[in-house]
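Visitor: I'd like a close look at just one part of this model, please. Could you walk me through the place where the ligand sits?

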Amino acid sequence: MTLSKFQEIGRILREQRRFAILGHVRPDGDALGSQLALALSLEALGKEIRVWNEDGMLDKYSFLPRAGLLTKPPSNAEDFDVAIALDTAIQNRLGTALPAVRSAKIWINIDHHMSNPGYGDVVYVDSSAPATAEIIFRLIKSENLPLNRDIAENLYAAISTDTGSFQYPKTSAHTFEIAAELIRTGLDVGRLSQLLYENYPRRRLELLRELLRTMRFQQSGRVASFGLTLETAAELGVLPEDNEGLIDHLRAVHGVIVAVFFEELSDGKVRVSMRSKTEVVDVCAICQKFGGGGHALAAGARVRGTLAEVEERVLKEVCDKVQALAVG
Ligand code: AMP
Ligand code: MN
Ligand code: MN
C-alpha cells in the first residue's frame with residue numbers, strides 16, 4: 001500500500017524520538033506559530049523537541065502560548081532523528097539553525113512557497129495554502145495528532161498574520177473552516193487580534209513616518225516604494241521585527257500594483273520586500289532574478305550593493321514589468 005504524504009510524515013513523527021523544528025530567518029507569525037504548534041503537538045506525543053530560529057522568539061510574538069520553547073540555536077550542534085523545516089523557501093534561509101543540526105536521519109520540508117525547490121527527504125510543499133500553519137493543521141487532523149488550545153492559538157495567529165487577517169487571495173472557505181475549528185477550542189479572537197494588531201511599540205509608527213518621507217511613486221502611481229537606511233534605523237532604535245507589515249501601507253493605495261520596501265542591512269546587502277496586487281505581475285519571479293523568492297503576490301530577496309544601487313536595479317526591473325502590462 002502506498003502511503004499518502006501526510007501518512008508518511010505522520011509515521012515518522014510517531015516512530016522517531018528526537019526532533020529539531022526550524023523556521024526561516026527574520027521570522028513572521030507563520031514561521032513562529034507553525035514551529036510552536038508542531039512542537040507542542042509532538043511534545044504531547046512525548047517526543048523530545050528543540051525549537052530553533054536564528055532570531056529566537058520576537059518580543060511582539062512572545063504572547064504566543066509556550067513561546068519560551070522557541071530559542072536561538074545553540075553554538076554547539078546537536079544530533080537528531082528528524083529535522084523539520086517550516087515555512088522556509090530555501091534551506092539556507094534557516095540561517096544559523098541549519099548548522100546547529102549536526103545530523104538528522106530524516107529532513108522534512110513543509111512549506112507553502114511556490115519557489116521552494118523541494119529540498120529534504122520528505123517534502124510537502126503546497127503553494128495553494130495561504131499559510132504553512134494551514135498545512136500543519138491539516139497534517140494534525142489527518143494523522144490524528146494532538147491538538148489543544150495552546151496549539152490552536154499558535155495556528156490561529158500564524159494563519160491570521162499570513163493571510164493579512166483573512167484577506168489575501170489564497171484565503172479560502174477551508175481557511176475559515178479551519179479558523180472556526182480553532183476558535184471552537186475556546187480561543188478568544190478579540191484578545192488574540194489585539195495582541196497581534198493593536199500592541200505595537202510607538203517606534204513602529206515613528207519608523208513609518210520616516211519611511212513615508214522617502215516614499216516614491218513611478219509608472220503613473222502603479223509602482224510605490226520606500227527605503228530605510230541603517231542610520232535612520234539606528235536613530236529610531238528600531239528592531240528588525242518593527243517593519244513587518246509596513247509595506248502594506250503602500251500596497252493599500254488606489255492605483256498601486258507593486259509595492260517595494262528597501263532596507264539597508266549591515267552586511268553590505270539590501271533586504272528587498274515586494275508585494276503585488278495581481279498575479280499578472282509575479283513578484284516572486286522578479287525576486288528570483290535577484291536570488292530571492294516567495295509567492296506571486298509577496299516575495300523578497302537580499303541583494304548586494306548600496307541602498308541607492310539596489311533601489312535603481314530592482315525598481316528598473318519592476319517598472320519594466322509594469323510598463324509591459326500596459327502595452328501587452
Ligand atoms: P517579506 O517581504 O520579508 O515579508 O517576505 C515575503 C515573502 O517572500 C515571504 O513569504 C518570504 O518567505 C519570502 N522571502 C523573503 N525574502 C526572501 C529571500 N531572501 N529568499 C527567498 N524568499 C524570501
Ligand atoms: Mn514566513
Ligand atoms: Mn508563510
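Which strand gives the largest share of the shell around ligand 1?

Guide: Strand S12 does, with five residues. Before we go on, a few ground rules: this is a predicted model, where local features need pLDDT of at least 70 and side-chain atom pairs count only at pLDDT 80 or more, while totals for chains, interfaces and linings use all residues. Residues are numbered from 1 along each chain as its sequence is written, chains are lettered from A and ligands numbered from 1 in the order in which they are written, and side-chain values use heavy atoms, with hydrogens and water left out.

Now, the shell. There are 14 residues around ligand 1, and the ones that come nearest are His-113, Arg-271, Ser-273, Arg-275 and His-295 ("near" takes a heavy atom within 4 Å of the molecule or strand). Sorted by class, you get seven polar, four charged and three nonpolar residues (Ala, Val, Leu, Ile, Met, Phe, Trp, Tyr, Cys and Pro count as nonpolar, Asp, Glu, Lys and Arg as charged, and the others, Gly among them, as polar). Strands S10 (269-276), S11 (293-294) and S12 (298-304) each supply at least two shell residues (strands are DSSP runs of E, at least two residues, numbered from the N terminus).

Next, look at some polar contacts (pairs of N or O atoms within 3.5 Å; within protein, one must be able to donate a hydrogen and the other to accept it, and residues adjacent in sequence count only if both atoms are side-chain atoms). The side chain of His-113 has an N or O atom 2.7 Å from an oxygen of ligand 1, and for the side chain of Arg-271 the distance to a ligand oxygen is 3.0 Å. Taken alone, the ligand exposes 470 Å², and the protein buries 85% of that (areas by the Shrake-Rupley method with a 1.4 Å probe; for residues, only the protein chains shown count as cover).

Now step back to the sheet. S10 and S12 run antiparallel, joined by seven bridges, and Val-270 stands opposite Val-303 in S12.

Definitions and conventions. Helix = DSSP H or I, 4+ residues; strand = E, 2+ residues; numbered from the N terminus. Pairing = 2+ DSSP bridges.
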